[in-house]
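Trainee: I have not looked at this structure before. Can we go through it step by step?

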Amino acid sequence: TVLYVPATALLVYFFFAVGYLFSQGGAMNIVIAKKKSSTYLFLAAILLSAIFFISIAQVLTKEYLAARYYVQSAVAVSSDKNIDSADALLKKSIALRPHDVYYRGYAELSALKAQVIASQASAEGQTISDEARAAAFEEINVAKKYADMAVASNPKNYTNYQFAGSIYQIDPEGSQKALQLFTQSLDLYPYNPNAYFAIARSKAAAGDTEGAIEALKKTLEVGPLHTEALLSAAQISLQEKKTDEALSLLVRAYQSDRSRSDILLSVASLQA
């Protein structure tokens with residue numbers, strides 16, 4: 001269970017085998033010292049061993065169940081489109097094992113719930129009501145809360161900071177906090193192009209064009225094949241009438257992600 005988590009049936013067979021060995025050992029004529037102290041020590045050792053293995057079994061069981069609920073929640077969202085079921089399953093995972101991965105999962109689910117509320121309220125061109133707007137913002141606040149919990153539970157994981165920044169970006173008033181979190185992510189791991197690109201987007205949204213372009217250049221320095229950064233750089237080149245440069249950037253973007261037929265169409269249109 002340390003090097004490899006076996007199937008449940010194998011674990012059951014293992015415990016059956018251990019019990020059988022103990023029973024056979026008790027049936028054998030094991031010579032034990034006649035002193036009572038030796039007997040007491042032997043029984044104490046067995047008791048301590050039993051407590052130790054039971055504790056380990058409880059921890060492993062919680063780990064297994066938490067991971068299982070987490071996977072089931074992902075399936076509930078992706079396959080069944082059942083957000084309520086995913087919500088309940090993720091809460092079970094967090095109750096069993098408070099972990100930054102599960103916190104991030106619940107934050108992402110809350111952000112999805114906010115998006116669903118907004119999309120349902122604005123269906124067929126209707127104006128979003130104040131009640132729906134308040135419910136969506138409440139889910140965003142829940143997402144920010146769990147994103148902060150993920151950072152607090154594992155402050156040395158740069159992914160937590162980047163994820164929390166992406167959650168704060170959803171809130172129009174959270175741009176400064178998002179920028180701070182992305183910067184903290186880079187303090188832990190300065191070779192992450194996604195964090196630089198997120199900073200570029202945050203600065204662009206704040207109207208800092210020069211800062212956004214600088215962060216975009218840094219993105220391409222760290223990740224030369226970052227698709228979205230290449231597309232953004234190509235758009236800037238087109239605005240500056242640098243057609244050849246834009247075409248080169250679009251070709252690199254398509255090479256980085258050949259599933260993007262829209263990039264190929266842009267290349268063909270620009271060539272034409």
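**Contacts, rings and charges**

Mentor: This is a predicted model. Leaving out residues up to four places away in sequence, Ser 73 touches Ala 86, Leu 89 and Leu 90.

Trainee: Is Ser 73 buried or exposed?

Mentor: Ser 73 is placed in helix H2. Its relative accessibility is 4%, and buried means under 20%. Ser 73 therefore counts as buried.

Trainee: Which backbone oxygen lies 2.5 Å from a polar atom of the side chain of Ser 73?

Mentor: A polar contact needs a pair of N or O atoms within 3.5 Å. Here the distance is 2.5 Å, and the backbone oxygen belongs to Tyr 70.

Trainee: How many aromatic pairs does the structure hold?

Mentor: Rings of Phe, Tyr and Trp pair if their centres lie within 6.5 Å. The number of aromatic pairs in the structure is 7.

Trainee: Are the rings of Tyr 70 and Tyr 102 stacked, edge-to-face or tilted?

Mentor: The ring centres of Tyr 70 and Tyr 102 are 5.2 Å apart, with the planes at 50°. Planes under 30 degrees apart count as stacked and over 60 as edge-to-face, with the rest tilted.

Trainee: How many residues apart are Tyr 70 and Tyr 102?

Mentor: Tyr 70 is in helix H2 (residues 36–78), and Tyr 102 is in helix H4 (residues 100–121). The pair links distant parts of the chain, and its separation is 32 residues.

Trainee: What kind of aromatic pair do Tyr 189 and Tyr 191 form?

Mentor: Tyr 189 is partly exposed at 32% relative accessibility, and Tyr 191 is exposed at 57%. Their rings are 5.8 Å apart, centre to centre, with 75° between the planes. Planes over 60 degrees apart count as edge-to-face, and the pair of Tyr 189 and Tyr 191 is edge-to-face.

Trainee: Which residues do ring pairs link into a cluster?

Mentor: Here ring pairs share members. The cluster consists of Tyr 103, Tyr 106 and Tyr 146.

Trainee: Which residue lies over the face of Tyr 69?

Mentor: There are charges placed over rings here, including the charged end of Lys 177, which sits over the ring of Tyr 168 at 6.0 Å from its centre. Over the face of Tyr 69, at 5.2 Å from the ring centre, lies Lys 92.

Trainee: How far apart are the end C-alpha atoms of helix H10?

Mentor: Helix H10 (residues 227–239) has 13 residues, and at 1.5 Å a residue it should span 18 Å. The computed distance agrees with that: the end C-alpha atoms are 19 Å apart.

Trainee: What covers the buried residues of H10?

Mentor: The buried residues in H10 are Thr 227, Ala 229, Leu 230, Leu 231, Ala 233, Ala 234 and Ser 237. Their cover includes helices H8 (193–205), H9 (209–222), H11 (243–256) and H12 (261–271).

Trainee: Where is Asp 171, which meets Lys 144 in a salt bridge?

Mentor: The N to O distance between the side chains of Asp 171 and Lys 144 is 2.9 Å. Lys 144 is in helix H5 (residues 130–153), 27 residues from Asp 171. Asp 171 is buried at 9% relative accessible area, and Lys 144 is buried at 12%. The place of Asp 171 is the loop between helix H6 (158–168) and helix H7 (175–188).

Trainee: Why are Lys 218 and Glu 221 separated by about one helical turn?

Mentor: Lys 218 and Glu 221 form a salt bridge, with their closest N and O atoms 3.8 Å apart. Both residues are in helix H9, and they are about one helical turn apart because their separation is 3 residues.

Trainee: How many salt bridges are counted?

Mentor: Another of them joins Asp 262 and Arg 260, at 3.0 Å from N to O. Salt bridges that share partners also join Asp 87, Lys 91, Lys 113 and Glu 139 into one network. The count of salt bridges comes to 10.

Terms used. Residues numbered from 1 in each chain as written. Predicted model: local features only at pLDDT ≥ 70, side-chain atom pairs only at ≥ 80, totals over all residues. Heavy atoms only, no water. Phe/Tyr/Trp six-rings, centres within 6.5 Å; stacked < 30°, edge-to-face > 60°. Helix = DSSP H or I, 4+ residues; strand = E, 2+ residues; numbered from the N terminus. Buried < 20%, exposed > 50% of the residue type's maximum accessible area, 1.4 Å probe, protein only. Lys NZ or Arg CZ within 6 Å of the ring centre and 35° of its normal. Expected span 1.5 Å × (residues − 1). Contact = heavy atoms within 4.5 Å. Polar contact = N/O pair within 3.5 Å; in protein donor to acceptor, adjacent residues only side chain to side chain. Salt bridge = Lys/Arg side-chain N within 4 Å of Asp/Glu carboxyl O.
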